[in-house]
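Let's take a walk through this protein chain together. Have a look at the model first, and then we'll pick out some of its aromatic rings.

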Amino acid sequence: MQEVDGKSPYIGRYAPTPSGWLHKGHASTFGWAKKRADQVGGKIYLRIEDIDPARCRENYVDGILEDMTWLGLKWDNDPRSVKGWIRQSEQKQLYLDVLSKLHTAGWIYPCQLSRKEIRGHPETKTSPSGEILFPKVLRGGVNMERSSELNLYQNWRFAVPETDVVFRDLRLGEKRYLPGRDFSDFLVWGKNGFPSYELAVVVDDHLSAISEVVRGEDLLVSTARQLLIYAALEWNPPAFFHCPLVCDEQGKRLGKRFDSLSIRELRQQGLCPEAILEVDENL
Ligand code: GLU
């Protein structure tokens with residue numbers, strides 16, 4: 001197998017969330033991920049990101065596995081799991097261990113405030129992408145809270161440092177995100193007793209030794225947040241390749257609500273897997 005930077009073998013991943021049927025947007029991201037891995041004879045693991053019990057459904061997990069098989073998207077055996085692929089809901093303890101490390105190191109603090117309270121605060125701003133930014137004045141004294149007990153049924157936020165996050169995306173080049181403008185103290189654990197997407201994804205990408213993350217451009221700011229978690233844990237981050245988003249004829253981004261573009265619907269319309277997985281090289 002070819003080496004990346006002469007250091008590690010190429011390992012990518014497919015990481016669908018079973019909160020709906022697999023749609024054209026997923027297929028496009030997976031098409032990019034497959035192409036990237038195939039170019040270097042690399043591996044791709046499968047991870048079902050079912051960490052949020054309120055959004056995820058068992059029938060969608062089955063549907064994803066079925067649709068991926070129909071699309072011809074094979075995955076390699078992830079040695080971390082007996083069945084060869086990961087389900088986040090089955091490994092809560094791993095996230096908890098990492099949360100506890102962040103807690104001991106003073107990176108996180110508990111936050112009792114509701115979304116409504118945060119939104120209503122006079123210092124709350126919105127990021128260019130429309131995200132509500134948690135104002136720094138509401139931050140708990142991080143060092144003071146270090147000794148507070150790790151209660152898993154409350155929200156925990158990551159105390160974002162004042163420095164810009166800069167990284168090189170393998171498709172888009174250098175990207176720079178600013179705390180207080182593009183993102184702010186973000187959730188790493190929810191009061192539902194589960195880790196946030198940002199925490200769970202970093203833990204899994206690290207433990208599965210993922211060398212390159214291929215994901216949609218809509219997650220660029222998430223990547224910036226995740227890089228802060230990597231830095232706090234002193235873990236080496238993977239490389240990142242943010243692929244273009246699939247848009248409809250009006251140029252609007254597709255989401256899960258566009259049921260008519262679910263893979264099963266397209267399959268019923270008679271489309272073949274190759275046509276669905278095709279990636280647009282010009283983007
Ligand atoms: N689970 C996410 C999704 O289905 C992908 C997250 C990622 O690639 O990190 O959109």
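Which residue has its charged end over the ring of Phe194? That would be Lys92, and its charged end is 4.3 Å from the centre of the ring. There is another arrangement of this kind to look up: the charged end of Lys83 sits over the ring of Trp85, 5.0 Å from the ring's centre.

Now step back for the overall picture. Keep in mind that what you are looking at is a predicted model. The chain has 283 residues, and 51% of them are buried. If you take the contacts between residues at least 6 apart in sequence, 75% of them join residues at least 24 apart.

A search of the whole structure turns up eight aromatic pairs. One of them is made by Trp32 and Phe241: the ring centres are 5.5 Å apart and the planes meet at 40°, so this pair counts as tilted. The label follows from the angle, because planes under 30 degrees apart would count as stacked and planes over 60 as edge-to-face. Where do Trp32 and Phe241 lie in the chain? Trp32 belongs to helix H1 (residues 24-39), while Phe241 is in strand E14 (residues 239-243), so the pair ties together parts that are 209 residues apart in sequence. Are these two residues buried or exposed? Trp32 is buried, with a relative accessible area of 6%, and Phe241 is buried too, at 5%.

Another pair to find is Tyr109 with Phe134. Here the ring centres are 6.5 Å apart and the planes are at 45°, so this pair is tilted as well. Tyr109 is in strand E6 (residues 108-111), whereas Phe134 sits in the loop between strand E8 (132-133) and helix H5 (142-145). The pair links distant parts of the chain, with the two residues 25 apart. Tyr109 counts as buried, because its relative accessibility is 1% and the cut-off for buried is under 20%. Phe134 also counts as buried, at 4% relative accessibility.

Look for Trp107, Phe158 and Phe186, which form one aromatic cluster.

Conventions. Residues numbered from 1 in each chain as written. Predicted model: local features only at pLDDT ≥ 70, side-chain atom pairs only at ≥ 80, totals over all residues. Heavy atoms only, no water. Buried < 20%, exposed > 50% of the residue type's maximum accessible area, 1.4 Å probe, protein only. Contact = heavy atoms within 4.5 Å. Phe/Tyr/Trp six-rings, centres within 6.5 Å; stacked < 30°, edge-to-face > 60°. Helix = DSSP H or I, 4+ residues; strand = E, 2+ residues; numbered from the N terminus. Lys NZ or Arg CZ within 6 Å of the ring centre and 35° of its normal.
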